[in-house]
Amino acid sequence: MYLILKEAHNKVGLIILFFLLAIILFMIVRFLLKKPFDRQARVVSLVGLTIVHIQFSLGLLMYFLSPLGLDNFSGASMKHPIARFYIVEHPIGMILAIVLITIGNRFSRRKKLSSDKIYKRVILYYTMAFGIITYLTPWFLWS
């Protein structure tokens, strides 16, 4: 069970990076072409929100089932960089990224703002989240 969950979490993580980059580029192109922030843009923003929340659910399961997660929490593991990464840095950073994407998606639903302001905010929040996710992805394990 754990190995299947771990593999799913890793694969979905790569898919998320691809989709977030595609969503950011989509929003930038529409912003530069002065397109209105319409239903299509809202759906694309919602896709980004949905996939990161699915990944969050997998990550939450991993945190409680993995031997590197909550079971490994101790004062000694805080001194070990890889253990600290899995116990504290990765989960907190990913939660921050999810919060940023959620905030960005909330701006996409605001009717009062102009399309330019919505695009700018969605691009800003999604790009910050993309940066955090990219930075806190354990690339060192996949080499």
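Visitor: What ground rules apply here?
Guide: The model is predicted, so local features need pLDDT of at least 70 and side-chain atom pairs pLDDT 80 or more, while totals for chains, interfaces and linings use all residues. Residues are numbered from 1 along each chain as its sequence is written, and side-chain values use heavy atoms, with hydrogens and water left out.

Visitor: Which residues form the nonpolar patch on the surface?
Guide: F56, L60, F64, I95, V99 and I103, with about 490 Å² of accessible area together.

Visitor: Which elements give two or more residues to it?
Guide: α2 (39-65) and α3 (81-107); helices are DSSP runs of H or I, at least four residues.

Visitor: Why does L60 count as partly exposed?
Guide: Because its relative accessibility is 40%, and partly exposed lies between buried (under 20%) and exposed (over 50%).

Visitor: OK, what covers the buried residues of α2?
Guide: The cover includes α1 (2-32), α3 and α4 (115-135), with contact meaning heavy atoms within 4.5 Å. Among those buried residues are V44, L49 and Y63.

Visitor: New topic: how many aromatic pairs are there?
Guide: Six in the whole structure, counting ring centres of Phe, Tyr and Trp (its six-membered ring) within 6.5 Å; planes under 30 degrees apart are stacked, over 60 edge-to-face, the rest tilted. F85 and Y86 are an edge-to-face pair, 5.3 Å centre to centre with 80° between the planes.

Visitor: Are F85 and Y86 buried or exposed?
Guide: Both F85 and Y86 are buried.

Note on methods: Patches are made of residues with over 30% relative accessible area and no salt bridge: like charges are joined within 9 Å, nonpolar side chains (Val, Leu, Ile, Met, Phe, Trp, Tyr) within 5 Å. Accessible areas come from the Shrake-Rupley method with a 1.4 Å probe; for residues, only the protein chains shown count as cover. A salt bridge is a side-chain nitrogen of Lys or Arg within 4 Å of a carboxyl oxygen of Asp or Glu. Buried means under 20% relative accessible area, exposed over 50%, partly exposed in between (1.4 Å probe, protein chains only).
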